[in-house]
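Please open the structure in your viewer and keep the selection tool at hand. The stops below tell you what to select next and what is there.

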Amino acid sequence: YSPGLTINNIKQVINETIETNILRKPAPTRLRELIRQIRACRTAAEERAVVNTECAYIRSTFRETDCIWKCRNMAKLLYIHMLGYPAHFGQVECLKLAASAKYTDKRIGYLGAMLLLDERTDVHVLLTNCLKNDLNSPTQFVVGTALCTLAAIASPEMARDLCNDVERLIVSTNAFLRKKAILCAFRFVRRVPELMEDYLPKCEVFLADKNHGILIATITLITEMCEQSVPVLRYFKSIIPTLVRMLKSLTVTGYSPEHLVSGVSDPFLQVKILRLLRVLGHGDATQSEIMNDVLAQVATSTETSKNAGNAILYETVLTIMNVESENSLRVLAVNILGRFLLNNDKNIRFIGLLTLVKTVHKDMTAVQRHRITILECLSDGDPSIQRCAMELSFTLINTQNIEMVVRELLRYLESTDAEMKALCSSKIVLAAETYSPSIRWHLDVLLKILTIAGNNIRDDVISSTIQLISNSPQHEQRFITDKMWEAIMNMNQLENRQPLVQVAVWTIGEYGEAGGFDEFELIEHYRQLLWAPQLSITTKQYILVSLAKISVRINGCTPEIQNIINAFRVHMNIDLQQRANEFSQLFTNYKHLRTSLLEKMPKLKLSELTSSEYNADFASGESSEVEQQQDEPPSVPEPSNQDILLDLLGDCFNSDGNGNNALAIVPVAQPAAAQSYLPTSFHQTGLSTNYNQSTSYNNNNNNNGPLATPPPPPTDSFMDLLGLAAPNQTHQTIDNTSTATIPAIEVYHKDDIHIRFFIHPQQPASQEAPSSTPARITVQTTNGSQATIEKFLFQAAVPKAFVLTLREPSSTVMPPGGTIMQDLLIVRQTPAASQGTGAGLRMKVRFSYEVENYSMMEQIDVNEFPSGFLR
């Protein structure tokens with residue numbers, strides 16, 4: 001007790017204590033403590049709770065006007081934003097801090113603006129005036145912070161508004177500000193390319209600067225401007241000797257000791273110079289010659305034991321491959337990438353493989369020398385390295401090394417994941433189709449793929465295997481049939497290899513009579529497969545069709561097969577049920593048709609694949625103009641209507657050695673003058689024509705293009721789509737007079753449809769254009785049924801040595817006993833003597849029609865034309 005204390009004094013002490021310790025808010029949590037709390041959270045829910053609590057507190061402090069902890073709260077909010085939580089409510093607070101007079105507040109405000117603002121937010125426009133004021137500040141650190149922020153968030157409008165201030169700072173005597181201003185100009189040029197004109201004269205001066213930062217910034221700006229504009233690229237080609245001298249001095253003497261990195265002199269500056277040389281020398285042999293020596297010097301003298309040296313070598317390789325360098329330099333570059341593949345660092349191995357994939361088309365021979373090393377990368381533990389090695393291996397395949405490379409790829413196929421199995425198996429199939437040394441090897445590889453990849457293969461592998469078996473000789477078909485039977489008999493878990501089962505049962509169904517297996521064992525195994533619940537419906541469809549075909553291939557097992565098929569007549573799957581019912585009818589009511597309906601399928605057309613198409617999957621699009629001209633194939637006409645019909649009709653003619661194995665049918669655009677149907681008269685002895693009226697044919701067509709025909713009738717949409725519609729001609733009245741009897745060819749006589757070709761004698765060829773005189777064939781189609789035939793469409797195709805024009809038919813409807821007439825005009829566009837063999841005319845005919853709401857279509861070959869016709 002003190003006698004000096006009065007009641008008033010006690011009240012004052014109590015009030016001061018309350019104000020200082022109770023009413024005043026405590027200091028907020030520091031950033032370090034917040035990080036420690038978040039890292040201590042064991043679950044995502046705990047982390048969210050901590051973040052939400054802190055965000056609520058930060059939001060409340062932003063509402064206060066006299067809070068002294070705004071910088072600390074903004075730093076915590078930026079950390080929360082980096083974790084992925086929303087922090088947009090701090091955008092306005094960033095502007096307030098950036099406008100503060102204190103540098104500590106300004107620094108954290110600009111940092112928040114770079115993270116929270118971009119040109120998509122309208123708030124960033126409010127920062128323009130603040131940036132302009134700070135760019136004129138006398139303090140270099142304030143100006144530098146403003147330049148960094150401007151480069152990070154500048155929109156095109158902001159760049160145009162502040163470009164003058166940046167241009168002023170570029171010529172500043174302060175090296176610190178000049179470097180940052182050049183980098184800001186680099187970002188301006190990337191966003192607004194038209195601003196580059198203001199910086200062109202200054203860049204050449206800055207290349208003579210001794211400051212390391214200014215040199216790197218200037219080279220970065222020049223590289224960007226050269227990539228943006230071709231005229232600027234030509235403008236800066238004059239600095240190549242300066243860059244070469246600079247790079248040579250860095251390699252020989254070094255720039256300065258303070259910029260050494262792991263014993264390598266200024267690797268960052270070397271990398272920038274190499275990138276600029278790559279841009280300037282691309283496609284220019286003269287400028288590339290200037291830099292060849294220094295590139296060779298860098299490639300041979302750079303230390304490879306450290307990452308800094310490997311980075312320089314990587315840029316050197318890219319530069320060598322992208323400029324018009326010498327062949328010896330390209331070999332040196334590939335050898336450097338080969339050394340990368342032997343490095344213990346997985347990242348360097350991956351970079352080496354990735355670069356080889358991009359540049360393998362530059363020098364395939366040099367890359368082939370590292371084939372063994374590339375194949376060893378297939379067994380690497382890193383999936384990314386395995387994938388790059390796989391892609392590169394496929395580009396290296398040729399006829400000499402296919403067996404070895406495919407053997408390694410099959411070993412890789414066993415251990416890779418399901419997605420890569422699908423891709424790798426398809427690529428192996430394509431490679432085997434292109435470079436297979438023999439059919440036996442090809443079949444063996446496909447069988448291994450089906451066995452190893454299991455269900456993880458694409459449908460193209462199944463179709464390719466079936467196509468190859470269909471086109472193989474009989475002894476190879478017997479071989480693969482036995483192999484397929486052994487595979488499905490001796491292998492477990494067939495449900496995981498259903499593509500193998502599908503191909504195997506198809507092969508046995510087609511060529512079962514050649515196999516050396518017991519038929520009753522075969523039928524029993526088929527029964528087990530059909531009732532296996534693990535097999536898919538598609539596989540069972542294959543098995544059911546194969547079982548029906550076996551009944552006509554192997555004698556003595558028909559009752560067992562019939563019983564199995566009858567069991568599926570009540571199957572739950574509607575497709576299997578329908579197949580079983582249809583096949584059952586072939587065993588009972590239509591026995592006489594079973595053998596013909598279930599006969600062997602004709603040979604399937606093999607897919608055509610060239611090595612260029614195969615390698616195109618991995619070819620890089622970056623190549624010089626000269627190489628593109630050298631690699632450019634001979635010009636091929638654009639696909640026309642004839643190609644569409646070829647796809648429809650298929651290629652039925654074998655090659656004659658001159659590439660004339662495709663078909664050609666050319667009904668295309670017709671001149672304005674419509675051609676009239678040539679007057680034709682009928683007699684009991686045949687068809688005749690008055691040739692005095694044949695001069696109406698338009699002879700303006702030459703042998704360099706297809707004969708023209710007018711636009712198709714608007715009523716026939718299908719002919720319009722194919723471009724096969726004949727001209728809208730006016731058929732004249734049939735004349736009863738004749739001058740010559742015309743020979744006829746019986747083309748088709750079946751199902752009450754009778755088609756005959758009447759071959760008109762050829763007119764003498766003119767001396768000016770001997771090959772442009774057309775031959776004429778009249779097609780007579782007769783309806784012998786008692787029903788009306790509608791929508792009759794006649795199509796024809798000939799080899800490419802000929803040009804065919806289809807005239808408009810007389811009608812598309814044939815009543816009972818009715819007839820449709822149509823003219824074909826044919827011109828040989830290449831002389832017979834130039835083909836060596838003097839092959840005559842061959843034709844593929846296809847016609848379709850509707851009768852009683854049923855659509856019918858037939859396709860036939862016509863090869864028996866008169867011996868002297870069009871020769």
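## The nonpolar cores

Begin by selecting Leu127, Leu150, Phe188 and Phe236, which touch the most other members of the largest nonpolar core, a set of 175 residues. A nonpolar core here is a set of buried Ala, Val, Leu, Ile, Met, Phe, Trp, Tyr and Cys residues joined through side-chain atoms within 4.5 Å, where buried means under 20% relative accessible area, exposed over 50% and partly exposed in between, with a 1.4 Å probe and protein chains only. Helix α12 (residues 212–228) gives the largest share of this core, nine residues; helices (H or I, at least four residues) and strands (E, at least two) are DSSP runs, numbered from the N terminus. Apart from this core lies another, of 35 residues, including Phe757, Phe792, Met843 and Leu870.

This is a predicted model, in which local features need pLDDT of at least 70 and side-chain atom pairs count only at pLDDT 80 or more, while totals for chains, interfaces and linings use all residues. Residues are numbered from 1 along each chain as its sequence is written, and side-chain values use heavy atoms, with hydrogens and water left out.

## A pair of helices

Next, select helix α17 (residues 307–322) and helix α19 (residues 346–359), whose axes come within 11 Å and cross at roughly 5 degrees. Axes are lines fitted to C-alpha atoms, for helices over the stretch in contact, and angles run from 0 to 180 degrees between N-to-C directions. The two helices are therefore roughly parallel to each other, a term for angles under 35 degrees. Asn307, Asn310, Tyr314, Val317, Leu318 and Met321 in α17 meet Ile348, Ile351, Thr355 and Thr359 in α19.

## A buried serine

Move to Ser470, which is found in helix α26 (residues 459–470) and is buried, with a relative accessible area of 4%. Beyond its neighbours within four places in sequence, Ser470 is in contact with Gln477, Trp506, Tyr511, Pro602, Lys603 and Leu604.

## Where to read with care

Finally, colour the chain by pLDDT, the predictor's confidence in each residue, from 0 to 100. The protein chain averages a pLDDT of 79, and 78% of the residues score at least 70. Over residues 608–740, however, the pLDDT is below 50. Where pLDDT is low, the predicted coordinates should not be read in detail.

Terms used
Parallel < 35°, antiparallel > 145°, perpendicular 65-115°, else oblique. Contact = heavy atoms within 4.5 Å.
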